[in-house]
Amino acid sequence: MTGSGGPLADDDKPQGQEPTTPGDGEQRRGQMRYQDPESTAPREPTLAEQRARIAAEKRREEKQAAELAEAERKTRTRRRVMIGGGATVGVVALVAAFYQGAAYSQEQAAVTQYCAAVPQNGQVTADQDDFCDENYVNSHHGYVNHGTGMFFMPIFLPGGGIGGYNQYRYGYTAPGAPAPAVGSTVSSPNFTKPSGSTIKDSKGSTVQRGGFGINNKSGSGS
């Protein structure tokens, strides 16, 4: 203003003073500057950031190594189990095959037990199985001598009474041979019961299981 209080003319303004309003090329306070990623150089990481990256990479490598070691351990364990299981199955199969083969051989070589009539003088003949059955003999007024293995069936006289006893006992065939037919003559009878053989009756049922020193004895023959 002039001394009279009027406004200053442009020529009267102090020289060297510029307008205080910022121009287009100046950044105002509080504003963010845009950085072009293609032309802006990346900031170098700090020492703390470098250490953190190195530690993270080390943890990642250690984790991968631990996972790999665990996978290898599981693979070795499975391999051992499979090998051990295969060996066990092989041994079991071998033992089973051995026992099956032995059992088959025992069955093929089974001795057949039959009832033989044993007269005082004369030929031994094969007779019906009932005459060597203790229950049947006792129920028909006969008796059994357990010491000798003999069965005694009474001979009934036509007029009544008993005229003596017929004698019977178990005979045994050769291994694998069938029982002789009832009424047929036995040329070379064997009355000794085999202790270690499988014995079957004339109907094919097993009366003694042989093999490996274990016997399941039955019957009254000696």
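Modeller: What follows starts with the chain as a whole, turns to the pocket and its cysteines, and ends with a few residues elsewhere.

This is a predicted model, in which local features need pLDDT of at least 70 and side-chain atom pairs count only at pLDDT 80 or more, whereas totals for chains, interfaces and linings use all residues. Residues are numbered from 1 along each chain as its sequence is written, and side-chain values use heavy atoms, with hydrogens and water left out.

The chain holds 2 helices and 8 strands (DSSP runs numbered from the N terminus, helices being H or I of at least four residues and strands E of at least two), and their order from the N terminus is α-β-β-α-β-β-β-β-β-β. Of its 222 residues, 19% count as buried (under 20% relative accessible area, with exposed over 50%, partly exposed in between, a 1.4 Å probe and protein chains only). The chain exposes about 16,600 Å², of which carbon and sulfur atoms supply 54% (by the Shrake-Rupley method with a 1.4 Å probe).

A pocket here is an open set of points, on a 1 Å grid over the protein atoms alone, where a 1.4 Å probe fits and protein lies on both sides within 12 Å along at least five of seven lines; lining residues have an atom within 4 Å of a point. The lining is made up of Gln113, Tyr114, Cys115, Asp129, Asp130, Cys132, Asp133, Tyr170, Asp201, Ser202, Lys203 and Val207. Strand 1 contributes the most to this lining, with 3 residues. By class, the lining divides into 5 nonpolar, 2 polar and 5 charged residues (Ala, Val, Leu, Ile, Met, Phe, Trp, Tyr, Cys and Pro are nonpolar, Asp, Glu, Lys and Arg charged, and the others, Gly among them, polar).

Cys115 and Cys132, both in the lining, are joined by a disulfide with an S to S distance of 2.1 Å (a pair of cysteine sulfur atoms within 2.5 Å), and the count comes to 1 disulfide. This pair ties together distant parts of the chain, 17 residues apart, with Cys115 in strand 1 (residues 111-117) and Cys132 in the loop between strand 2 (124-127) and helix 2 (134-139). The torsion about their S-S bond is about 75 degrees, so the disulfide is right-handed. Cys115 counts as buried at 1% relative accessibility, and Cys132 is likewise buried at 1%.

Leaving aside residues up to four places away in sequence, Glu107 touches Thr198, Lys200 and Arg209 (a contact means heavy atoms within 4.5 Å). Glu107 and Thr206 are 99 residues apart in sequence, yet their C-alpha atoms are 9.4 Å apart. Gly196, in the loop between strand 6 (185-186) and strand 7 (199-200), is partly exposed at 42%, and its C-alpha atom is 8.2 Å from that of Arg209, 13 residues apart along the chain. His141, in the loop between helix 2 and strand 3 (143-145), is exposed at 57% and has a phi near 65 degrees, a positive value in a residue other than glycine.
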